[in-house]
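Please read this briefing alongside the structure.

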Amino acid sequence: MKKLFALIALVAACSFGATSSVMAQDEAAQADTTAVDTAAVDTAAATMTAEEEPVIQEEESESIHKTLKTKFIEGDAGFMSLVALSLVLGLAFCIERIIYLTLAKVNARSFTEEIAKYVEKDDIDGALALCGNTRGPVSQLARKAMECLGSKDQNDIATIERTINVEAEVQGSYLEQHCSWITFFIASAPSLGFLGTVIGMVMAFDNIEKAGDISPTVVAGGMKVALITTIFGIVVALILQVFYNFILSSIESLTADMENAAQSLLSICVKSDKCKK
C-alpha cells in the first residue's frame, strides 16, 4: 500500500514538472512574439511620423494662409480691401521716407571739419565742390553758407546767419515731406475698421428683423464682420505707427545734426577773412 502511494506521488511530481516546463516555454515564446510585434509597431510608427511630419507642417502653413483668406472674406471683402489698401499705401510712404532719411544721413562733424580746412585756405570753390558731392541737408546748409561767404555783397555774418536759418527751414520741410500721408493712413485704417463694425451691427439687426427672433445664429454673421474689420484695422494702424515712430526719430536726429552744423558753419565764417564782421 505504501509503495502504491509512493508511485502515485512520483507520477504526480513528474507530471507537474513537465507541465511547468511547457508553461514556461509557452510564456517565453509569447514574450518573444510580443517583443517582436512591439518593435515592428514602433518601427512603423517612427516611419509614419517621419513621413507625415513635413505633411503636417505643410498643412499648418496652408491652414494659416487659408485662415487669413477666410477671415478676410468673412470680414466683408469691400471694407477689408480698403484696410489692406491703407496698409499697402502707408508702407509705401514709410519705405520712401526711410530710404530718403537714410541717404540724407552724413557725419556732420567730419564734414564741417573738411569745410573748415577749405575756408582756412580761402578755397571757397573747393568747399562748394565738396558740398555738391555730399548728400543731405547738412551739405545744403554748408553750400548756402559758402555761397554767401564767396560773394561780395552777402558775406556779412548777419546775412550768412539768416541764409542758413532759411535753408534749415526748407530742409526741415523736405525731411517731413509725405509724413502727413502716413498719419492719414494710421488714422484711416482703424476708422475703416470701426466703420465695418457699425455696418456689421446694422447687418446683425437686419438679420434679427428678418428672422423675427434673437438667436446666436442670426446675430453671429453681423457680429463676425464687425469684429474682424476692427481687428484688421487696429493691426494695420499699429504696424504703420511703428514705422512712423522710426521715421520721426530719424528726422529728429537729422534736425539735431543741422543745428550743430549751422553753429559750426557760423563759427567757420566768422574766422574767415572774407567775412564782414
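The points below go from the whole chain down to single residues.

This is a predicted model. The protein chain holds eight helices and zero strands. Buried residues account for 30% of its 277 residues.

**Overall fold**

- Read from the N terminus, the elements run α-α-α-α-α-α-α-α.
- Of the contacts with a separation of 6 or more, 77% join residues 24 or more positions apart.

**Packing of H3 on H5**

- Two packed helices are described by the angle between their axes and the distance between the axes.
- H3 packs against helix H5 (residues 137-150) at an angle of about 15°. Their axes lie 11 Å apart.
- Angles under 35 degrees count as roughly parallel, and H3 and H5 are therefore roughly parallel to each other.
- The H3 and H5 crossing is right-handed.
- On the H3 side, the contact is made by Ala108, Phe111, Ile115 and Val119. H5 contributes Val138, Ser139, Ala142, Met146 and Leu149.
- Eight residues of this H3 and H5 contact are nonpolar, one is polar and none is charged.

**Nonpolar core**

- In soluble globular proteins, nonpolar side chains tend to be buried together.
- The largest nonpolar core here has 44 residues. Ile115, Met146, Leu149, Ile160, Ile164 and Ile247 have the most contacts inside it.
- Elements giving two or more residues to this core are helix H2 (77-104), H3, H4, H5, H6, H7 and helix H8 (216-271).
- H8 gives the most to this core, with 13 residues.
- Ile115, Met146 and Leu149 also take part in the contact between H3 and H5.
- Leaving aside neighbours within four places in sequence, Leu149 is in contact with Val119, Ile124, Asn155, Ile160, Cys269, Ser272, Lys274 and Cys275.

**Loop residues with positive phi**

- Asp122 has a positive phi of about 55°, although it is not a glycine.
- Asp122 sits in the loop between helix H3 (108-120) and helix H4 (124-132).
- The relative accessibility of Asp122 is 41%.
- His178 is not a glycine either, and its phi is positive, at about 70°.
- The loop between helix H6 (157-175) and helix H7 (179-211) holds His178.
- With a relative accessible area of 28%, His178 is partly exposed.

How values were computed: Residues are numbered from 1 along each chain as its sequence is written. This is a predicted model: local features need pLDDT of at least 70, side-chain atom pairs count only at pLDDT 80 or more; totals for chains, interfaces and linings use all residues. Side-chain values use heavy atoms; hydrogens and water are left out. Helices (H or I, at least four residues) and strands (E, at least two) are DSSP runs, numbered from the N terminus. Buried means under 20% relative accessible area, exposed over 50%, partly exposed in between (1.4 Å probe, protein chains only). Axes are lines fitted to C-alpha atoms, for helices over the stretch in contact, and angles run from 0 to 180 degrees between N-to-C directions. Angles under 35 degrees count as roughly parallel, over 145 as roughly antiparallel, 65 to 115 as roughly perpendicular and the rest as oblique. A crossing is left-handed if the near helix is turned anticlockwise from the far one by less than a right angle, and right-handed if clockwise. Contact means heavy atoms within 4.5 Å. Ala, Val, Leu, Ile, Met, Phe, Trp, Tyr, Cys and Pro count as nonpolar, Asp, Glu, Lys and Arg as charged, and the others, Gly among them, as polar. A nonpolar core is a set of buried Ala, Val, Leu, Ile, Met, Phe, Trp, Tyr and Cys residues joined through side-chain atoms within 4.5 Å.
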